Amino acid sequence: MRVIIVTPALPHPFGDTAARWFYVLITELLARGHDVVSVAVTEETDERISGTKTWLSKDALAKASGRFTLHCHRLQIDSGTLRRKWQNLVRPRSEMLQDSALTSLLGRELAKGYDVLHLEQMSTGWFGIDVPRALLNVHFFDVIDWAEKGNMSLSERKALWQARRATRHLLRGIPNVRLLTPRLKEVAESINPNAHYWVVPLALDTSLYELQPPAQEPIVGLIGSMHWEPSRSAAERLITRIWPLVKQGFPAAKLYIAGWNASKYLQDYRARPDLTLAENLADPSEFFSKAAVMVYAPSRGSGMKVKVMEAMAYGVPVVTTWEGVEGIDCQNGHDCWVAESDEELAGKVCRLLANSGERQQMRDAARRLIEKVYSPGPVVDKMVAVYRQLIATPGPVPHATL
């Protein structure tokens, strides 16, 4: 089959959360003999673009039996302020659709014929309106993540209003939607009960995640993109509420928080004792090789948490909430520890720090879970099954234009 995949970031094995999934999907489809056209809309650096091409040429093309085309397109924002505001009022969050060069590029690829137009995340969704066999892939909903945020600024309130409008427009306009978790599916069905929905999780390429040796120091860690509200709220909760309780129960413990923009968003906490902040790490193993336990307790955050999955893949025991393991079919106390209150979370952290045998058991169990359920093979099997259901829809292979 010929699949056109539109992504709001480069498909990179060590890019942001979504980029890692894009990379897994593309490389696995090519290895199975499918033809893939990747249209990656990016504002990333030339170095990142070059790195993406290197990884794909080394991995995807070396193993591919399908044909591959990669378009790295720099998003061109409409310079007309009034026109742009009007377009976003009519079609909220439609910046990509307003990029005429991008629209033309995608139109040319669609005109060559395709089986599935795979659209990753809501920002690409406007390309799927009235296009046959378009599949919108939803990772999270801003309307969930921001619903209980207090003291929002005017700009944040406007962003949430636009997110709600975009969500309604796109879910009512695209009849085929893949979501990562049952919770997301329930929200989508409440907006449009007549669409076709599939729940397919994310996958990690476990060959890229070398099991790290057990950490020797009692370091409690958290890693995430701090500009994302769930990760930032998890970091603040850990620093201000959970960590003091951990120190009471295990005074020798140290706290290590890393991730994009960690210093920017968490600078007010930098002077706290036993806390190390690190941002923009060259490789995530820099964090996972040091942490004895990872704590991820967001106040609110929909979708799968890749950092939790990565910790499991690297062999770092996880203490989290049910929000943190949304979409992960884990066994509490076996693959990770799940609790809700600050006291319970801190207690599980101290228990793991004090018990190397339990840490080892949890390391092994979590790694097996990722390999068995959330590796490329079983997850992309499910994606291909979704594609085949779309292709089985009566009618010829479409030649669509935008």
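Where is the place of V90? These legends take you through a few close-up views of a predicted model, and the answer comes with the first view.

**View 1. A nonpolar patch on the surface.** Welcome to the outside of the protein, where W86, L89, V90 and W161 form a nonpolar patch. Together, these residues have about 430 Å² of accessible area. Helix α3, residues 81-90, gives the largest share of the patch, with three residues. V90 is placed in helix α3, and V90 counts as partly exposed because its relative accessibility is 36%, between the limits of 20% and 50%.

**View 2. An open sheet of six strands.** Follow the strands in the order β10-β9-β8-β11-β12-β13; they form an open sheet with parallel pairing. At the edges are β10 (275-278) and β13 (337-338), each of which pairs on one side only. Helix α11, residues 306-314, packs on the sheet and touches β8 (219-223), β11 (293-296) and β12 (318-320). The direction of helix α11 makes about 165 degrees with that of β11.

**View 3. Strands β9 and β10 side by side.** Here strand β9 (residues 254-258) runs parallel to β10, and four bridges join the two. To find your way, look for Y256, which stands opposite T276 in β10.

View 4. Look for T321 in the loop between β12 and β13. T321 has a relative accessibility of 1%, so T321 counts as buried; the cut-off for buried is under 20%. Apart from neighbours within four places in sequence, T321 is in contact with R237, Y296, A297, P298, V338, A339, E340 and L345.

Technical notes:
Residues are numbered from 1 along each chain as its sequence is written. This is a predicted model: local features need pLDDT of at least 70, side-chain atom pairs count only at pLDDT 80 or more; totals for chains, interfaces and linings use all residues. Side-chain values use heavy atoms; hydrogens and water are left out. Patches are made of residues with over 30% relative accessible area and no salt bridge: like charges are joined within 9 Å, nonpolar side chains (Val, Leu, Ile, Met, Phe, Trp, Tyr) within 5 Å. Accessible areas come from the Shrake-Rupley method with a 1.4 Å probe; for residues, only the protein chains shown count as cover. A salt bridge is a side-chain nitrogen of Lys or Arg within 4 Å of a carboxyl oxygen of Asp or Glu. Buried means under 20% relative accessible area, exposed over 50%, partly exposed in between (1.4 Å probe, protein chains only). Two strands pair if DSSP finds at least two bridges between them. Contact means heavy atoms within 4.5 Å. Axes are lines fitted to C-alpha atoms, for helices over the stretch in contact, and angles run from 0 to 180 degrees between N-to-C directions.
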